[in-house]
Amino acid sequence: MKSAILQTATRYLLPILLLFSFFLLLRGHYYPGGGFVGGLVASIAFVLHSFANGTENTMKILRYKPLSLIPIGLGISAVSVTFPLLFGLPPMTGLWFEEPIPVIGMIGSALFFDLGVYLVVIGVVLTILFTIALND
Amino acid sequence: MIDNHILAPIFVQLFTAIIQLACWRKTLTQRYLSVGGSLIGLMVAFRLFSRVYEDGILTLNAANWDAPFGIVFVADLLSVTLVLLTSIACFAVSIFSSVGLSRQRMLYGYFPIFHFLIMGLHGAFLTGDIFNLYVYFEVIIISSFVLMTLGGRKAQLEGAVKYMAMNILASMFFLTGIGILYGITGSLNMADLSLRIQEVQNKALIGITSCFFIIGFGIKSAVFPLYYWLPSSYHTPPSAVAATFGGLLTKVGIYAMLRTFSLIFIPDDFTRTLLMVIAIFTILTGAFGALIKTNIRRLFSYLIVCHIGFMVGGIAMFSKVALMGAVFYLIHDILVKTNMFLIAGLIRQLRGTMDMNKLGGLYSDYPKISLVIAIVLFSLVGIPPLSGFWPKVFLFQEAFIQHQYVYIAALIIGSFVTLYVIAKMWSEVFWKNPSASEEVENLFAPMPPYKKILMVLPIGLMALATLYIGLNAEAIVKITDIISTQLMDPSAYIDAVLGNKTD
């Protein structure tokens, strides 16, 4: 599907949707949002781009296969789950930095867990959709 | 006592799987990682088992939330015994699959999924929260769907559809049961539920809820009339996968039954009768199904169904001795059934078929391998002093005390049919001269020697473990004695979970 309107719109929508997905990821600890929803929004951004410009072009701007995001995301999540063990605390205990960081706010191990989920969701959704799209 | 390290077996499997995912398409690296990870997992499981055996029940409050509000992981002796057995089976299967699987399947991620499956099993055994148990059941079935369909042959997909439909149905029943349980008690922690359920006035509602759990776990563990998906799907995937399924997956259902019926729904007369009827029919249908099958793996699948009935009968009688029998049979069954399917894979490698009519003459060609296999077959049949004999002693003893003569008859029929089909299989596969017209496709002979060793080694290891259980039955009886005491009187479990407040 080649449409000039969609292609022009996508050029602006892609970064905005990615920013929005990151906003959802950061907000998720206390409010609706989080890694899963954020990951879905981010992958929808890429899906929109592939609708407008073709799957091959989207894979080109991604550079790496989305499949490689899955082990990275899982690794980040698993490390943030087991990290408290080093301090003699049970797994999954939230560890927090003392001082809030500007813009982002308080950073803790929960954020890294969510970040892992975010990457896994992007990886899984894009792998599935690209596999289907390229088989046609 | 709180111990933050009881989740180690889960984490070992998780990290193994993640590292393997990072090495996507490097099958050789994945094989080394799989065997190495399983070995570490086995050592960790041994350590956990010996700690629990010496110190008693260990618990962990995930994320430092006190029970009953957070998710609790509990390592009592039943859990760690099963974790240990799973690790042994995982080690054997991972060695076997490193040589017994086609490269094609490994390329599509067999090993990571296999380790996720084992992680799910460990989690299901260790968790003390009933919703978390459901989550681990989901981890198990999703991984098993992938393992079952990997390869994509037509027969596989057909088996997988039946498997998937029935297991999703089981999950729905289980989830509905949990929902109702939460509605009437307001808790999901199994120890907390055990206390709260006694205060509920509406006993009929509890009875109905327990039926949801019986149906859910019944489908999982393949009891009569919900068993038919098992024989029609377990012969389709490769033998290494079938070994994991046959040895471990149905046993999770039995474990979940043991756990829920000892903690939450203490069986009343109705439940006992229901379970007993189910057990008797399961034994009989499994036994009669096994009689007519000529494909080795279909035969073993029906034997799984038959022997599940033995354990369900033990739960139905619900007394200390009966549970000792059921738990001992569970321990024996995990090792032997896993090994049976590995043997089926080896036979296929040796002869290129699993049809008993076409097989023959294995004993004259491979006498040493045949002797190892004979040990396993004798254990399965339960020839004293091998491992299948001891649990039946307990089951018979308790059945006579409780006057369950129909169950005794079913046990005897089940045992005799097992003996008959195994003897028939032995004579057909090992003693009979192969028919000259059949073209023998021997995939084993051209393999390099190290691969041959890797293929027979896991069978030998599992056979050794089975021999150990049989010949050192006293130690196992001691363990099952402690387990069934804990199951009959859950106060130690409840104290361990609710008595530990972190401050």
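This is a predicted model: local features need pLDDT of at least 70, side-chain atom pairs count only at pLDDT 80 or more; totals for chains, interfaces and linings use all residues.
Me: What makes Met324(B) buried or exposed?
Reply: The term buried asks for 20 or more other C-beta atoms within 10 Å of a residue's own, exposed for 12 or fewer, and partly exposed covers what lies in between, with C-beta atoms placed from the backbone. Met324(B) has 29 such atoms, so Met324(B) is buried. Met324(B) sits in helix 14 of chain B, residues 320-351. By that rule, 59% of the 503 residues in chain B are buried, and in chain A 34% of the 136 residues are.

Me: Which residues does Met324(B) touch, and how do you know that they are in contact?
Reply: Two residues are in contact if their C-beta atoms, placed from the backbone, lie within 7 Å. Leaving out residues up to four places away in sequence, Met324(B) touches Phe394(B), Thr480(B), Asp481(B) and Ser484(B). Phe394(B) is 70 residues from Met324(B) in sequence, yet their C-alpha atoms are 6.9 Å apart. Across chain B, contacts with a separation of 6 or more are 80% between residues 24 or more positions apart; for chain A, 68% of contacts at least 6 apart join residues at least 24 apart.

Me: Why are helix 3 and helix 14 of chain B called roughly parallel?
Reply: Two packed helices are described by the angle between their axes and the distance between the axes. Here the axes are lines fitted to C-alpha atoms over the stretch in contact, and angles run from 0 to 180 degrees between N-to-C directions. Angles under 35 degrees count as roughly parallel, over 145 as roughly antiparallel, 65 to 115 as roughly perpendicular and the rest as oblique. Helix 3 (residues 77-100) and helix 14 of chain B cross at roughly 5°, with axes coming within 10 Å, and the pair is therefore roughly parallel. Among the residues making this contact are Leu85(B) and Phe96(B) of helix 3 and Ile331(B) and Leu342(B) of helix 14.

Me: What makes a residue in that helix contact nonpolar, polar or charged?
Reply: Ala, Val, Leu, Ile, Met, Phe, Trp, Tyr, Cys and Pro count as nonpolar, Asp, Glu, Lys and Arg as charged, and the others, Gly among them, as polar. The helix 3 and helix 14 contact of chain B has 11 nonpolar, five polar and no charged residues.

Me: How many residues does each chain give to the contact between chain A and chain B?
Reply: Chain A gives 15 residues and chain B gives 14 residues. On the chain A side, 10 are nonpolar, five polar and none charged.

Conventions. Residues are numbered from 1 along each chain as its sequence is written. Chains are lettered from A and ligands numbered from 1 in the order in which they are written. Helices (H or I, at least four residues) and strands (E, at least two) are DSSP runs, numbered from the N terminus.
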